[in-house]
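This report looks at one chain on its own and then at the place where two chains meet. Please read it with the sequence and the structure side by side.

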Amino acid sequence: MNRRPYGKTWWKTALGLFFTALMLFPVYWMVNVSLTETSDLRSDPPRWFPFEPTFVGYTAVFDQQLPSLATSLLIGFGCVLLTVVIAAPAGYALALLNLRGGRTLNFLLLVAQMIPAVVMAMGFYAIYVRLGLLNTIPGLIVANSTIAVPFGVLLFTAFMSGIPRELLQAARIDGAGAWRTFRSVVLPVSRNSTLTVSLFAFLWAWSDFIFASTLNRNGDLIPITLGIYKYIGNNTTQWNAIMATAVVASVPAAILLVVAQRYVAAGVTAGAVKD
Amino acid sequence: MTTSPTAVGTRGADAGTGSVPVPAAGPRRRRRSPGPSQWTAVGFAAPLLVYLVLFYAYPLIRNIDLSVHDYTIRAFVQGNAEFVGVEKYVEIFTSSTFSTALVNTALFTVVSIVFQFSIGLALAVFFRSSFRLSSGLRALFLVPWLLPLIVSASTWAWMLNSDNGIVNSVLSAFGIGQINWLTSPDTALISVIIANIWLGIPFNLVILYSGLQNIPGEVYEAASLDGAGAWRQFWSVTFPLLRPVSAITILLGLIYTLKVVDVIWIMTTGGPGDASTTLAVWSYREAFGTGQPDFSPAAAVGNVLILIALVFGFLHLQLQRRQEAP
């Protein structure tokens, strides 16, 4: 590939900046509205820039939504733990232990990803009603993990199939059993996959609305997504506070984008493209 | 792809001529007892198997059970719902909402995907050439995809607000009168489609971009030596070579878009009337959206949706299999 000097491509940078600005306008608008005075929310023309930012919206968030944020964090971490504990060993069995029926299992996992969440939510509701698991955090962790587990297994399987056999051979020669090999060789080598799976499990659980709004409608501890939803229902006038909550709810996504961008791209691609 | 550990072990023993005794003992022991190693594999997969039965199969069976009984909230708690066979399915197929929801689902999915894909592809081609800031800007395009859906959907709802929304305010500067985006039956579906297109662009961009990376640069060099311009290069090189990745992107998009509830529910709750109700939203509304939950028809709609999703799912698997076998 012939790399031209950057100097000749300044118009592409300009065009790229323009596209990005257009694409991210809603995000900017969310931040802008969150900093707007309540009395200015309905001004015409609207305030394009928060020249005199107000933090009333954010004060409201920290007054009212801290428990929701904590609940979401708890659910997110619970979901990560459950997903990795189930998916990593399963990936090992599928990729390296030559599990009989592995193809069928792979197929079932692909099918599982196609099932709409609303259908799962109804099934879970019917089960949870009887078990008394409605409005509980463990109930939500389990329901949320159903999005991440099939993805996690497929990702771990894909990665672990690529681990050099010599490495496992060496472990076996050293007298390590399957469990030792898994714990001391396979898991450390698969660190990046674990990160990608954890990242997505967390993000999906944090962002979940369907399960929260169906299985945790009357709970004392509601996740932040439901917090925003109830907020919209109750105060249709205070859009600065709603948008402030939305900004706070977006913080994990922002952190992940900065810290773990390549894992995000890897995860998106892994689900679709096999190489 | 699926090389069994036993086969690898034997090969390893043949190749490792230097280290004599250990590899020779290894394969023989394993050949004598294939049982235990298979049990180890099952052991590692056991949590997943239990999980799939408990948290996938059981809810799905429960869902079928819901659709063939007449469940009310009371019957739920007491567990004495009456068996009604396919009555609920007949009920939903003959409901006036059914045809509306089916058409809306088709429109929502097809229009969303056409735009998501073409915009995603255009951006992927644009970002293929490196320029100053290109990778940073590309990363920023991921933002809409990472945000919680409630965040983006409520932001869009406020932007499209009839009286105070920024969209109407900009349009009025061009002399276009107030459009009741979310509250008029003519525009509600369009509004949720716009928001959904915005949400789907990052996914398409990332996958198509990685597909573009796999096209060797020499192909383009050859094309430009033959005098093909950028436009010609796109249609004669990029587009055909990207076809496999495109097919998978579109099918995955179809499967994802069919399932969408949150965006529509948060922006319009499927209304006004049924104007923006898709099958998934309909199912959600029947079960959880009103004061009086009606689980049986909701489950029936859900099962119909699963069938539709599975058709596309099998297409996807078929495509992927064909691509794996060159």
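What percentage of the 326 residues of chain B count as buried? The model is predicted, and in it 42% of the residues of chain B count as buried. Chain B contains 17 helices and 2 strands. Among its contacts with a separation of 6 or more, 65% are between residues 24 or more positions apart.

The next topic is the contact between the chains. Chain A contributes 87 residues to the contact, and chain B contributes 87 residues. On the side of chain A that touches chain B, helix α6 (residues 117-131) of chain A gives the most, with 10 residues. That side of chain A has 64 nonpolar, 16 polar and 7 charged residues.

One helix pair across the contact can be described in detail. Helix α2 (residues 25-34) of chain A and helix α9 (residues 149-159) of chain B have axes that come within 10 Å and cross at roughly 80°. Angles of 65 to 115 degrees count as roughly perpendicular, and α2(A) and α9(B) are therefore roughly perpendicular to each other. The residues that make this contact are listed by helix below.

| Helix | Residues in the contact |
|---|---|
| α2(A) | A:Pro26, A:Trp29, A:Met30 and A:Val33 |
| α9(B) | B:Ser152, B:Thr155, B:Trp156, B:Trp158 and B:Met159 |

Sorted by class, the contact of α2(A) with α9(B) has 7 nonpolar residues, 2 polar residues and no charged residues.

Conventions. Residues numbered from 1 in each chain as written. Chains lettered and ligands numbered in written order. Predicted model: local features only at pLDDT ≥ 70, side-chain atom pairs only at ≥ 80, totals over all residues. Axes fitted to C-alpha atoms, helices over the stretch in contact; angles between N-to-C directions. Helix = DSSP H or I, 4+ residues; strand = E, 2+ residues; numbered from the N terminus. Parallel < 35°, antiparallel > 145°, perpendicular 65-115°, else oblique. Contact = placed C-beta atoms within 7 Å. Nonpolar A, V, L, I, M, F, W, Y, C, P; charged D, E, K, R; others polar. Buried ≥ 20, exposed ≤ 12 C-beta atoms within 10 Å, placed from the backbone.
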